[in-house]
Amino acid sequence: MEERFLGIDYGERRIGLALSDPLWTFAYSYKTLQNNRNLWEKISSIINEKNVTRVILGMPDIERNKQLVANILSFKKKLETKFNMQVITNYCNGIKLTFLLQ
């Protein structure tokens with residue numbers, strides 16, 4: 001099965017997900033999950049079903065959203081621990097991120 005990246009846009013109430021194509025050329029909107037007690041089970045299912053090998057976690061402007069950034073970094077640590085995979089934080093736009101992944 002072909003590997004994919006999972007993009008995550010973290011929110012306190014909802015979490016947006018995007019999946020890459022198998023060649024890692026582009027990503028498309030996939031799902032929006034409720035940020036509730038079932039979240040980890042749903043993320044685990046998606047990671048397994050779609051053969052996700054890396055996660056790209058979007059980050060807001062740190063100066064304007066310090067508490068949200070702290071929550072996202074905590075979420076990142078949980079992702080890395082639960083799924084034992086690389087989680088890339090994306091502080092830059094998608095064009096620059098392409099160069100980081102090469």
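Colleague: Where is N51 found, and is N51 buried or exposed, or partly exposed?

Modeller: N51 is found in the loop between α1 and β4; helices (H or I, at least four residues) and strands (E, at least two) are DSSP runs, numbered from the N terminus. This is a predicted model in which local features need pLDDT of at least 70 and side-chain atom pairs count only at pLDDT 80 or more, while totals for chains, interfaces and linings use all residues. Residues are numbered from 1 along each chain as its sequence is written, and side-chain values use heavy atoms, with hydrogens and water left out. Buried means under 20% relative accessible area, exposed over 50% and partly exposed in between (1.4 Å probe, protein chains only), so N51 at 24% relative accessibility counts as partly exposed.

Colleague: What is the phi of N51 near?

Modeller: Most residues other than glycine have a negative phi. N51 is a residue other than glycine with a positive value, and its phi is near 55°.

Colleague: And N84, which loop holds it, and what is its phi near?

Modeller: N84 is found in the loop between α2 and β5. N84 counts as exposed because its relative accessibility is 71%. Its phi is positive too, in a residue other than glycine, and is near 45°.

Colleague: How do α1 and α2 cross, and how are they oriented to each other?

Modeller: The axes of α1 (residues 39-49) and α2 (residues 66-83) come within 12 Å and cross at roughly 55°. Axes are lines fitted to C-alpha atoms, for helices over the stretch in contact, and angles run from 0 to 180 degrees between N-to-C directions. Angles under 35 degrees count as roughly parallel, over 145 as roughly antiparallel, 65 to 115 as roughly perpendicular and the rest as oblique. The two helices, α1 and α2, are therefore oblique.

Colleague: Which residues of α2 does α1 meet?

Modeller: From α1, the residues involved are L39, W40, I43, S44 and I47. Their partners in α2 are F75, K78, L79, K82 and F83.

Colleague: What is the strand order of the sheet, and which strands stand at its edges?

Modeller: Two strands pair if DSSP finds at least two bridges between them. The sheet is open, with five strands in the order β3-β2-β1-β4-β5 and mixed pairing. Each edge strand has a single partner, so one side of each is left without a neighbour in the sheet; these strands are β3 and β5 (86-90).

Colleague: How many bridges pair β2 with β3?

Modeller: β1 and β2 (residues 14-20) are antiparallel over four bridges, with D9 and G16 as bridge partners. β2 and β3 (residues 27-34) also pair in the antiparallel sense, with S20 opposite A27. The number of bridges between β2 and β3 is seven.

Colleague: Which residue in the hairpin of β2 and β3 takes a positive phi?

Modeller: That hairpin has six residues between the strands. The residue with a positive phi near 60° is W24.

Conventions. Contact means heavy atoms within 4.5 Å.
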